[in-house]
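Grab the viewer and try each task before reading its solution.

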Amino acid sequence: MFGFFLAASALLYKNVSAAIRSGDWELAVSRLGSWEYYGETLSKSEPFVTQSILHYAITLDWSYDGSFVKPLVASLVPLGDIVVGNVETISGYINGSLFEDVGYGVASNVWAEAYIYGGWPMFFVYAMVYSSIPALLNRLMEKSKYYHQSVFLSILGAILLFYIHRSGLDNAVNMAKRLFLFYFLCTFLSLLIDALAASLKGSVQYDRLPPHNRIG
């Protein structure tokens, strides 16, 4: 019961807090005391939306004729919208088909995308690739010489293993690309600062830290 209360509070927080901030206490109390409102909020929550996408993709046996490569290329390369052009993503196709009356962004389901692209064979390809990511990241973290590399790999893992479940493949790839660019920028600035410090070594005391104590 305590766990249910915490989960319900997390789902109801946004709408109830909006009523409280506006001073409409009657509305806030009515929402907290309405089982129908609890059920409506739960059925419209993000986990239910993502699962309904997978449900309809399989039960309706959806297929998609759009390009699998173009959205990924647009997500991978810098300024992809300019290089590749404006391409329809499968997330947009799904949301337009299921939630055409919704005027805001809706979470996606990467497993539904896999099924729509190529049925069960593509679904299992996605599963095999997804299952190999933790082992690969763990191996890279074991071989990393600096703490900041492990931090980078941890954030990359959060994107590719967790956040991908509500963002879709192309959006997760786009986020990973931004993380790589940010990481390379930080690495470049770190090397530049090291070079400047080394050039000023004669006038400024500069003690190089051991590799595992460095963060950049």
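**Exercise 1.** Which residues in α8 meet which residues in α9?

Solution. Keep in mind that this is a predicted model.

- Step 1: on the α8 side, pick out Val110, Trp111, Tyr130, Ile133, Pro134, Leu137, Leu140 and Met141.
- Step 2: their partners in α9 are Ser150, Leu153, Ser154, Leu156, Gly157, Leu160, Leu161, Ile164 and His165.
- Step 3: sort the contact of α8 with α9 by class, and you get 13 nonpolar, four polar and no charged residues.

**Exercise 2.** Work out at what angle α8 and α9 pack, and what that says about their directions.

Solution. 

- Step 1: α8 covers residues 110-143 and α9 covers residues 147-167.
- Step 2: the two helices pack at an angle of about 160°, and their axes are 11 Å apart.
- Step 3: angles over 145 degrees count as roughly antiparallel, so α8 is roughly antiparallel to α9.
- Step 4: for handedness, α8 passes α9 in a left-handed crossing.

**Exercise 3.** Now do the packing of α4 and α8: what are the angle and the axis distance?

Solution. 

- Step 1: helix α4 spans residues 46-59, and it packs with α8 at an angle of about 15°, axes 8 Å apart.
- Step 2: the cut-off for roughly parallel is under 35 degrees, therefore α4 and α8 are roughly parallel to each other.
- Step 3: their crossing is right-handed.
- Step 4: α4 brings Ile53, Leu54, Ala57 and Ile58 to the contact, while α8 brings Trp111, Ala112, Tyr115, Ile116 and Trp120.
- Step 5: the class tally for α4 with α8 is nine nonpolar, no polar and no charged.

**Exercise 4.** Describe how α9 and α10 pack, and say which residues make the contact.

Solution. 

- Step 1: the angle here is about 165°, with axes 8 Å apart, so α9 and α10 are roughly antiparallel to each other.
- Step 2: α9 passes α10 in a right-handed crossing.
- Step 3: from α9, the contact includes His148, Gln149, Phe152 and Tyr163; from α10, residues including Leu169, Asn171, Met175 and Phe180 take part.
- Step 4: by class, that contact has 14 nonpolar, four polar and no charged residues.

**Exercise 5.** Which residues lie nearest the centre of the second largest pocket, and which element gives the most to its lining?

Solution. 

- Step 1: the second largest pocket holds about 390 Å³ of space.
- Step 2: of its 17 lining residues, Val129, Leu160, Ile164, Leu169 and Val173 lie nearest the centre.
- Step 3: the elements giving two or more residues to that lining are α5 (69-76), α8, α9 and α10 (169-199).
- Step 4: α8 gives the most, with six residues.
- Step 5: sorted by class, the lining has 16 nonpolar, no polar and one charged residues.

Conventions. Residues numbered from 1 in each chain as written. Predicted model: local features only at pLDDT ≥ 70, side-chain atom pairs only at ≥ 80, totals over all residues. Heavy atoms only, no water. Axes fitted to C-alpha atoms, helices over the stretch in contact; angles between N-to-C directions. Helix = DSSP H or I, 4+ residues; strand = E, 2+ residues; numbered from the N terminus. Parallel < 35°, antiparallel > 145°, perpendicular 65-115°, else oblique. Left-handed = near helix turned anticlockwise from the far one by under 90°. Contact = heavy atoms within 4.5 Å. Nonpolar A, V, L, I, M, F, W, Y, C, P; charged D, E, K, R; others polar. 1 Å grid on protein atoms, 1.4 Å probe; cavity = no way out; pocket = protein on both sides within 12 Å on 5 of 7 lines; lining within 4 Å. Points joined across faces, edges and corners; volume = space filled by probe spheres on them.
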